[in-house]
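Please keep the sequence and the structure in view while reading.

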Amino acid sequence: DLAKRVGEEWRELSAVKKKKYEKLAERDALRYKNEMAEYVGKKTAEEEAMKAEDVEQAAKDKTAAAKLMSEQKQTEEGLKLLKTQKKQEQEQKKQERDEKKEKKAAKEGMPKRPASSYLLFCNENRARVLQEHPEAAFTETTKLLAAAWKEVKEKDKKRLQAQADLLSAEYKEQMKLWKLEHPNEEALEDEAM
């Protein structure tokens, strides 16, 4: 309703009176154009600043990505190195096991070292100690045998030592024969002593 009345009044105005309002409109249009130019300039400057920031951020991101890739590569190389070391350790252990097997196979035909007088005593008395102490564990049985050995009379110790000396002489004879049969395996014999 108001817009219709203003439109009617504008049509009824004379050209001279309209001129005054047209000059105001032209000045306002010029002001608008200048403000828009300033606004667009500021906007462009802001956009360029944002582009510069984007470029700077992109460069930072690229540097960070390169650093991460380098760290990842170092981590992968470290893992490869660890795997290689582990594999070498496993191969070394396997080689050591194989060497032990070879030595054991070579030792199989070799005479066993003779028992000492203490071991002969333990072998003779283990069954009795186990019968007296059926609940005793292996370590406890060994302690009981050691305590009993300390109580053995000198006469019985001499008897056991004589048996041990006899077994030792037999062992030496068997070793002489074994050395004659296995001349290349003296190092193994030294280990057994």
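## Basis of the model

Helices (H or I, at least four residues) and strands (E, at least two) are DSSP runs, numbered from the N terminus. The model is predicted, and local features need pLDDT of at least 70, side-chain atom pairs count only at pLDDT 80 or more, and totals for chains, interfaces and linings use all residues. Residues are numbered from 1 along each chain as its sequence is written, and side-chain values use heavy atoms, with hydrogens and water left out.

## Confidence

The predictor's confidence in each residue is expressed as pLDDT, on a scale from 0 to 100. For the protein, the mean pLDDT is 86, and 94% of the residues reach 70 or more. Confidence is highest in helix α4 (residues 138–150), at a mean of 94, and lowest in helix α6 (residues 186–192), at a mean of 48.

Over residues 187–193, pLDDT stays under 50. The model has 15 contacts beyond four places in sequence for this stretch, a contact being heavy atoms within 4.5 Å. Where pLDDT is low, the predicted coordinates should not be read in detail.

Ser-117 lies in helix α3, which covers residues 117–132. Is Ser-117 buried or exposed? Ser-117 is buried because its relative accessible area is 11%; buried means under 20% relative accessible area, exposed over 50%, and partly exposed in between (1.4 Å probe, protein chains only). The side chain of Ser-117 makes a polar contact with that of Gln-161, at 3.2 Å. A polar contact is a pair of N or O atoms within 3.5 Å; within protein, one must be able to donate a hydrogen and the other to accept it, and residues adjacent in sequence count only if both atoms are side-chain atoms. With residues up to four places away in sequence not counted, Ser-117 touches Trp-149, Leu-160, Gln-161 and Ala-164.

Leu-120 is also placed in helix α3, and Leu-120 counts as buried because its relative accessibility is 13%. Its contacts, leaving aside neighbours within four places in sequence, are Ala-115, Leu-160, Gln-163, Ala-164 and Leu-167.

## Salt bridges

How many salt bridges does a search of the whole structure find? The search finds seven, where a salt bridge is a side-chain nitrogen of Lys or Arg within 4 Å of a carboxyl oxygen of Asp or Glu. Glu-124 forms a salt bridge with Arg-159, with the closest N and O atoms 3.5 Å apart. This pair links distant parts of the chain, since Glu-124 is in helix α3 and Arg-159 in helix α5, 35 residues apart. Both partners are partly exposed, Glu-124 with a relative accessible area of 42% and Arg-159 at 38% relative accessibility.

In helix α2, Asp-98 and Lys-94 are four residues apart, about one turn of the helix, and they form a salt bridge whose closest N and O atoms are 3.3 Å apart. Asp-98 is partly exposed at a relative accessible area of 28%, and Lys-94 is partly exposed at 46%. The side chains of Arg-128 and Glu-132 also meet in a salt bridge (3.3 Å, N to O); these residues are separated by about one helical turn because they are four residues apart in helix α3. Arg-128 is partly exposed at 35%, as is Glu-132 at 47%.

Tyr-32, Met-36, Tyr-39 and Val-40 form a nonpolar surface patch with about 400 Å² of accessible area together. Patches are made of residues with over 30% relative accessible area and no salt bridge, with like charges joined within 9 Å and nonpolar side chains (Val, Leu, Ile, Met, Phe, Trp, Tyr) within 5 Å. Accessible areas come from the Shrake-Rupley method with a 1.4 Å probe; for residues, only the protein chains shown count as cover. Val-40 lies in helix α2 (residues 15–107) and counts as partly exposed, at 42% relative accessibility.

Lys-153 is found in the loop between α4 and α5 (154–181) and counts as exposed because its relative accessibility is 62%. From C-alpha to C-alpha, Lys-153 and Asn-34 are 127 Å apart in space, while in sequence they are 119 residues apart. The C-alpha atoms of Leu-120 and Tyr-21 are separated by 135 Å, with the two residues 99 apart along the chain.
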